[in-house]
Amino acid sequence: MDQIGYDESGATLLGASGAAALESPLSLAHRPEPCAVVLFGVTGDLASRKLVPALYDLACHNVLPRGFSLVGYGRKPMSGQEMRVLSRDAIDSFFGTGTAETRTCNDMLNDVHYVQGQFDDPAGYERLADTLAELDRTKRTGGNRIFYLATPPSLFPVIIARLGAAGLQRGGVVGTPDEHGENRGWVRVVIEKPFGSDLDSARALNAVVRSAFDERQVYRIDHYLAKETVQNILVFRFANGIFEPIWNRRYIDFVQITAAETLGVEHRGAYYEEAGALRDMIQNHLVQLMTMTAMEPPVAFDADAVRDEKAKVLHAVRPIPVERVEQFAVRGQYVEGTVGGQVVPGYRQEERVAPDSSTETFAAVKFLIDNWRWQGVPFYLRTGKRLPRHVTEIAITFKRPPYLLFREVDIPGGRVPANDLIMRLQPEEGLALNIEAKIPGPAIRLQPVALNFSYGTALEELPFSAYETLLLDCMVGDQTLFNRDDQVEEAWRVVSPVLEAWRNVPDRGVMVYEAGTWGPEAADTLVANDGHVWRRP
């Protein structure tokens, strides 16, 4: 992989001189146009661990256009050569030492630029504008640019306001001519989560964004939505006639969405003290999974149609009464225990965590969706640190048969188990349908059987990881997997009563659970009150 060339569309082509090339997964119609990607906070953790390696992987798949340019913006004084070394180190760290020596990496980083400036300094944005104008002339980027905000959330409003004040937000949404009849290209801004810390702050952030950018230019990124199995939810539901007719309250008993981690907070103690499990995982990732599971069929598979249906689900979520939050939500905090055979400390003993912290490391919430399809079907969402397994899944539990035909059969628990459909997001992406089958022999004996498939075995290996997918979608202008402003605000609305109740009684209601267990007992009671039990993946 030491040669690189270009096809007629300007996309990179590896192996132009005989070296083996990776086949591009894109048609010519979906190749991105030449553009500049500006990374705010380029010296930070997100840029080095995720974004720069993702751009390199896109280059290896023959996707980046010939006119692609990488521009860093940060407070630290640094030359373009120093940023190139920083980027090479990030690629080596992610893919293995020596990766950065390839011709692909050299070509990708051949024209790296760095702009030094404070994030609220107008002069820094003037220098950035000059750099981008020079790239338009030398690299023929045509005014196409992506501003990626890989900074702490507190800087989002500052950067967006300064981009607007500097006129850097100008450009056609899909490319429109200016007053001189010249194409001014497109401009897009990528905002990382969290999108605010509550409903009021989310509204305030959206107001700042709207003051500078058109909503069609805004890409609020949630890497969970780029996972293959998440996207496959829509295909599974709407491309298979056997499931859509039973995807409703008549046949589905309840839904569980779980995101469990074996790790603790590690070096993120300071962040987690402000966020907690509800903000960190449920408000964004798991609520989004709920909308994709519950949404109606869109009129088309495009950004507006899909996001319209997801927004309708959020509008239909029944408000949780603040005075009865304990009937709908449970929070917990891990104490010392054993995970994977190793004794681990409790949350309050973690680095940069207050010794009397009341921050939740486990959260479980029950939502009810008041619409025709889902009336009466509870959606249980839970997430936690230091749980027994690392797993993210959506479990659809169907109603049991109305009549127990096999009354004389020895069945554990005395009841035929319900059928479950499990959509696994990580660590092994795939699907499983649990059914009952007869054990061979003269007697009638039942046994659960899983009909299973996993990506990488039943289907081809995944071409891209989450960040590669989302960066590419942003380059080609596809907003389907990105959050819209109304979705963000509605997602905060549905969890606001829980946040308010927990804020009003910070020292009470936080249950403890031993590290290596499935959370506090109160979480089991939450679902048991409805006659259900949590899955133990």
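**A close look at helix α4**

Guide: Helix α4 (residues 122–138) has 17 residues and reaches 25 Å from its first C-alpha to its last, close to the 24 Å expected at 1.5 Å a residue, where the expected span is 1.5 Å times one less than the number of residues. This is a predicted model, in which local features need pLDDT of at least 70 and side-chain atom pairs count only at pLDDT 80 or more, while totals for chains, interfaces and linings use all residues. Residues are numbered from 1 along each chain as its sequence is written, and side-chain values use heavy atoms, with hydrogens and water left out. Helices (H or I, at least four residues) and strands (E, at least two) are DSSP runs, numbered from the N terminus.

At the start of α4, the backbone nitrogen of A123 has a side-chain oxygen of D121 within 3.1 Å. Further along, G124, Y125, L128, T131, L132 and L135 are buried, a word that stands for under 20% relative accessible area, with exposed being over 50% and partly exposed in between (1.4 Å probe, protein chains only). Seen down the axis of α4, these buried residues fall within an arc of 115°, so they line one face of the helix; the arc is that of the directions from the helix axis to the C-beta atoms. An α-helix has 3.6 residues a turn, so residues three or four places apart point the same way. On the other side of α4, E126, D130 and R137 are exposed.

The buried residues of α4 are covered by elements that include the strands β3 (36–40), β4 (69–74), β5 (113–116) and β6 (145–149), together with helix α5 (156–165).

Phi of R140 is near 55°, a positive value in a residue other than glycine, and R140 counts as exposed because its relative accessibility is 71%. Most residues other than glycine have a negative phi.

Note on methods
Contact means heavy atoms within 4.5 Å. A polar contact is a pair of N or O atoms within 3.5 Å; within protein, one must be able to donate a hydrogen and the other to accept it, and residues adjacent in sequence count only if both atoms are side-chain atoms.
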